[in-house]
Amino acid sequence: MAHFVIIGAGECGARAAFALREKGFDGKITLVGSEMHPPYERPPLSKAGLLGAIDPKFVAAQEAYAASNIRLLTGLTATGLDAAAHTVALSDGSRLSYDRLLLATGASARSFPNAPSDSSHIRSLRTHHDAATLRAMLQPGKRLAVIGGGFIGLEVAATARRLGTDVVLIEGLERVLKRGVPEDIAHLIAERHRAEGVDLRCGVSIEALSEQDGKAVIRLSSDETIEADLALVGIGARPNVELAEAAGLAIDNGIAVDDRLLSSAPDIFAAGDCCSFPLDIYDGRRVRLESWRNAQDQGTLAAANMLGADEAVSAVPWFWSDQYDMVLQIAGLADGAITHLRRDLGEGAFILFHLDAEGRLLAASGIGPGNTVARDIRLAEMLIAARAHPDPAALTASNIKLKTLLAA
Ligand SMILES: Cc1cc2nc3c(=O)[nH]c(=O)nc-3n(C[C@H](O)[C@H](O)[C@H](O)COP(=O)(O)OP(=O)(O)OC[C@H]3O[C@@H](n4cnc5c(N)ncnc54)[C@H](O)[C@@H]3O)c2cc1C
């Protein structure tokens, strides 16, 4: 009987395991994950999940694995991969033989250079365990220092303010969300954080981060010192490639796969946060995405291709972030855009359309309360997938429905 093994029991690995069954695979499936929990959703860890009692939101009920005949091994790490022999060594000393393997090992939070790695006052946020530790100190009278004005840092800052915690956020660049978010939207987000009481400092560099007398101590290059009960380091993530790299697989900002998610080794696929892949809609540009929907889509696609479907990646990148009552959504990749057109949607919501020199729509970024931008971002995503060159005047005219542009 064929045996398909999936390393990494996160969003992507779990989706792939269920998709294999949904697509009719009747062989053995083993899903191996380092964490003690069955696969759970990470996005709530910085948002609603951090407000409450913080039970994990599981990708699927525990019984669903048995019902789908998926062998789920938690608390076990794959420590070695022999691509020629088609075997994986696990941390308990056992070894699995596979016919096809999926690496869905995700990413890890980057740590701050030269900061203590085992401090209870200097933390990052990637796992449920991290979130539980963070949640315990988010109280009135406590002070949180967020290092890095990226999505996770900003979302935690918003959640911390809702819980009455003092927040100082330190960003080295001149503005928050410098990577991938247009200035107008980043500005609006920064202003909202300031209005909510976050002490937001941009263009500030940190000399040293240490722990002293039960506090996190941040020494700035201006010589000012900031003390906090906890410093949350939110300076990005790095793909978990160690297993693949040691096995000799090609690495290029992640495990390098082709547009079928096949790695440089036969029968080994990779998907989700851990891999980089060529994206046809952007002329084959190699990208690595850290996004929930990408992890889901690629898990499903990898399953299909492990079964021989030979389907290429075609999804348009999509990402969202919640901060206070604001929802930000981005479809596509805006780099390379030279025109930024604005469509106002009411209630303070707006979308920016990013076009290249030939007028092709590359990306759309929207922000507004609740669901205000969701429908138009969805339509923009379809226009991007169609490689459309929409009429700029129609994009900005909020009385013209985007749907009509799609028909055109
Ligand atoms: C706090 C937070 C908030 C987020 N918010 C959003 C959001 O608002 N919107 C959005 O689009 N995305 C968001 N994301 C990103 C999204 O959650 C990720 O893109 C998604 O979880 C990636 O799924 P994955 O399965 O590829 O990797 P992961 O979720 O990282 O899962 C990989 C799993 O593999 C395990 N593993 C690694 N190596 C091994 C090994 N050798 N052996 C066994 N197991 C191994 C890891 O322990 C991990 O459990 C957020 C992420 C975080 C951390």
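Does Asp273 count as buried or exposed at 11% relative accessibility?

Asp273 counts as buried because its relative accessibility is 11%, where buried means under 20% relative accessible area, with a 1.4 Å probe and protein chains only. The model is predicted: local features need pLDDT of at least 70, side-chain atom pairs count only at pLDDT 80 or more, and totals for chains, interfaces and linings use all residues. Residues are numbered from 1 along each chain as its sequence is written, and side-chain values use heavy atoms, without hydrogens and water.

Asp273 lies in the loop between β19 (268–270) and β20 (275–279); strands are DSSP runs (E) of at least two residues and helices runs (H or I) of at least four, numbered from the N terminus. Its side chain forms a polar contact of 3.0 Å with that of Arg126, a pair of N or O atoms within 3.5 Å, one able to donate a hydrogen and the other to accept it. Leaving aside residues up to four places away in sequence, Asp273 touches Arg126, Pro239, Arg288 and Glu290, among others; contact means heavy atoms within 4.5 Å.

## Helix α4

In helix α4 (residues 128–137), the buried residues are His128, Asp130, Ala131, Leu134 and Met137. Their cover includes the helices α2 (48–51) and α5 (151–162), together with β9 (122–123), β10 (143–147) and β16 (230–233).

## Packing of α1 and α8

Helices α1 (residues 11–22) and α8 (residues 292–306) pack at about 35°, their axes 7 Å apart. Axes are lines fitted to C-alpha atoms over the stretch in contact, and angles run from 0 to 180 degrees between N-to-C directions. Among the contacting residues are Arg15 and Leu20 of α1 and Trp292 and Met306 of α8.

Definitions and conventions: Buried means under 20% relative accessible area, exposed over 50%, partly exposed in between (1.4 Å probe, protein chains only).
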